[in-house]
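I opened the model today and kept notes on what I looked up. The entries follow in the order I made them.

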Amino acid sequence: MAEHNDFGKIAENYVAMKYEKNGYTILKRNWYHSPAEIDIIAQRDGTLVIVEVKARADDNWLPPELAVNNKKKRLLIAAADAYMDMNSIEMECRFDIAIVIKKKDGLAADIITDAFHPFELG
């Protein structure tokens with residue numbers, strides 16, 4: 001596996017642990033609904049949380065949250081709808097973006113809660 005893929009998995013594990021430490025239940029990891037993949041599906045307090053993880057080896061690139069463009073958002077929304085339909089889930093759904101940067105002394109994560117809403121895309 002390529003080094004960037006390894007770091008992507010490390011970043012996803014790191015984010016999943018952060019959610020679990022904050023009382024979330026991780027329902028699925030790397031759930032596919034072609035052509036989209038949801039990195040983490042979590043739940044807490046009656047809210048389903050769809051998490052897109054963006055990992056960077058340093059912070060000298062385009063801000064990772066900008067990598068979640070409208071096309072990616074639409075794919076995540078469609079995948080979330082499919083997951084909810086397939087599992088007969090009727091609850092609030094939130095979309096988070098977790099940004100993980102590799103630092104000299106470890107990882108740093110910033111979670112953008114409620115990062116976007118389906119109605120914003122028209």
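What percentage of the 122 residues in the protein is buried? I found that buried residues make up 39% of them. Buried means under 20% relative accessible area, exposed means over 50%, and partly exposed is in between, with a 1.4 Å probe and protein chains only.

Before going on, I noted that this is a predicted model, where local features need pLDDT of at least 70, side-chain atom pairs count only at pLDDT 80 or more, and totals for chains, interfaces and linings use all residues. Residues are numbered from 1 along each chain as its sequence is written, and side-chain values use heavy atoms, with hydrogens and water left out.

Entry on the overall layout. I counted 2 helices and 5 strands, in the order α-β-β-β-α-β-β from the N terminus. Helices (H or I, at least four residues) and strands (E, at least two) are DSSP runs, numbered from the N terminus.

Entry on helix H2. H2 covers residues 70-86, which is 17 residues, and reaches 24 Å from its first C-alpha to its last. That is close to the 24 Å expected at 1.5 Å a residue; the expected span is 1.5 Å times one less than the number of residues. I listed its buried residues, among them Leu76, Ile77, Ala80 and Tyr83. An α-helix has 3.6 residues a turn, so residues three or four places apart point the same way. The cover over the buried residues of H2 includes strands S1 (25-33), S2, S3 (47-56), S4 (92-103) and S5 (106-116). At the N-terminal end, Asn69 caps H2, with a side-chain oxygen 3.2 Å from the backbone nitrogen of Lys71. After H2 comes Ser88, whose phi is positive, near 50°.

Entry on Asp39. I found Asp39 in strand S2 (residues 36-44). Asp39 is buried but has no salt bridge, which would need a side-chain nitrogen of Lys or Arg within 4 Å of a carboxyl oxygen of Asp or Glu. Lys72 is the nearest side chain of opposite charge, 6.1 Å away. What does the side chain of Asp39 reach at 2.8 Å? It reaches the backbone nitrogen of Val53.

Entry on Ala109. Ala109 is in strand S5 and is partly exposed, with a relative accessible area of 30%. Its C-alpha is separated by 9.8 Å from that of Val53, 56 residues apart along the chain.

Notes: Lys and Arg count as positive and Asp and Glu as negative; His and the chain ends are not counted. A polar contact is a pair of N or O atoms within 3.5 Å; within protein, one must be able to donate a hydrogen and the other to accept it, and residues adjacent in sequence count only if both atoms are side-chain atoms. Contact means heavy atoms within 4.5 Å.
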